[in-house]
Amino acid sequence: MTTTRLFDPAEFLDDETVIAHYLSQTLAEGDTDEVLEAINHVARARGMSEIAEQSGLGRESLYKALRPGAQPRFDTIARVLWALGVRLETRPVHEQPLALDKAEAPTGARSGDA
């Protein structure tokens with residue numbers, strides 16, 4: 001009998017570039033609960049205790065702030081993002097999302113390859 005387990009994005013968020021693109025894409029989609037969930041995934045990947053300490057939040061407060069349906073203060077999210085080593089940036093709504101730089105593209109990948 002084959003056993004499967006639930007997909008956990010936190011297991012794959014081990015690189016700063018991947019984390020930045022993951023959070024940027026989630027923010028671009030605009031769903032608040034998904035943004036909180038994505039930040040939660042990244043915080044778990046980095047270690048909730050470490051992120052709580054670096055952000056100045058209690059571990060339980062961090063879990064509560066990042067659960068779906070929560071309405072954390074902007075200051076809380078800014079402190080968590082800083083602890084995660086990322087920052088928010090803005091661009092015009094109609095501008096195309098950032099793509100991976102050519103230097104960041106996987107080896108052998110070319111523009112237009114799928």
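Figure 1. In the protein chain, 53% of the contacts with a separation of 6 or more are between residues 24 or more positions apart, a contact being heavy atoms within 4.5 Å. This is a predicted model, so local features need pLDDT of at least 70 and side-chain atom pairs count only at pLDDT 80 or more, while totals for chains, interfaces and linings use all residues. Residues are numbered from 1 along each chain as its sequence is written, and side-chain values use heavy atoms, with hydrogens and water left out. The chain has five helices and zero strands; helices here are DSSP runs (H or I, at least four residues), as are strands (E, at least two), numbered from the N terminus. Of its 114 residues, 26% count as buried, meaning under 20% relative accessible area, with exposed over 50% and partly exposed in between (1.4 Å probe, protein chains only).

Figure 2. Helix H2 (residues 32-46) supplies the largest share, three residues. Glu37 sits in helix H2 and is partly exposed at 39% relative accessibility.

**Figure 3. Glu34 and its surroundings.** Glu34 also belongs to helix H2, and its relative accessible area of 38% makes it partly exposed. Leaving aside residues up to four places away in sequence, Glu34 touches Thr26 and Glu29. Arg67 is 33 residues from Glu34 along the chain, with 9.6 Å between their C-alpha atoms.

**Figure 4. Arg44 meets Asp8.** These two side chains form a salt bridge at 2.8 Å, N to O; the term covers a side-chain nitrogen of Lys or Arg within 4 Å of a carboxyl oxygen of Asp or Glu. Because Arg44 lies in helix H2 and Asp8 in the segment before helix H1 (16-29), the pair ties together parts 36 residues apart in sequence. Arg44 is partly exposed, at 32%.

Figure 5. Glu11 pairs with Arg5, their closest N and O atoms 3.0 Å apart; Glu11 is partly exposed at 39%, whereas Arg5 is exposed at 65%. Asp75 and Arg79 also form a salt bridge, at 3.3 Å between the closest N and O atoms. About one helical turn separates Asp75 and Arg79, since they are four residues apart in helix H5 (residues 74-84).
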